[in-house]
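Here's a quick look through a predicted model. Have the sequence and the 3D view open as you read.

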Amino acid sequence: MSENNGIEKRLEELANNLEKAKIHEYVDFVNNKKRLIYINFIGGLARGFGMAIGFTVLGALAIYILQKLISWNIPLIGDFIAEIVRIVQERL
């Protein structure tokens, strides 16, 4: 009899843990294909937009740093960097 009480108590504890984890909400979300596609689409747009902004900022920072290196007039490196900056600015 006490073994059944222990099993029932453990089963109830397991059910409470599953309820706290909100497994049923996740299963409902995965089963709703339209909502899943919509959420993934919006997430993809946000990631793509973030990458575009990030690459733009990093590119601008790289060009700024290269221009500063040119102003130091390092003989071999300065000419090479000046040519790279000139090409990039022509393409913009």
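## Confidence

Mean pLDDT (the predictor's confidence in each residue, from 0 to 100) comes out at 86 for the chain, with 98% of residues at 70 or more. Helix 3 (residues 33-71) scores highest at a mean of 92, while helix 4 (residues 75-91) is lowest at 81. Helices here are DSSP runs of H or I, at least four residues, numbered from the N terminus.

Residues are numbered from 1 along each chain as its sequence is written. Since this is a predicted model, local features need pLDDT of at least 70 and side-chain atom pairs need 80 or more, while totals for chains, interfaces and linings use all residues, and side-chain values use heavy atoms, leaving out hydrogens and water.

## Helix 4 and its two sides

Helix 4 runs for 17 residues and spans 25 Å from first C-alpha to last, close to the 24 Å expected at 1.5 Å a residue (the expected span being 1.5 Å times one less than the number of residues).

Which residues of helix 4 are buried? They are G78, I81 and V85, where buried means under 20% relative accessible area, exposed over 50% and partly exposed in between (1.4 Å probe, protein chains only). These residues sit on the same side of helix 4 because they cover an arc of only 70 degrees around the axis, taken from the directions from the helix axis to the C-beta atoms. The buried residues of helix 4 pack against helix 3, with contact meaning heavy atoms within 4.5 Å. On the other side, L76, D79, F80, E90 and R91 are exposed.

## N40 in helix 3

N40 belongs to helix 3. Its relative accessibility is 48%, so N40 counts as partly exposed. E25 is 15 residues from N40 in sequence, and their C-alphas are 17 Å apart.
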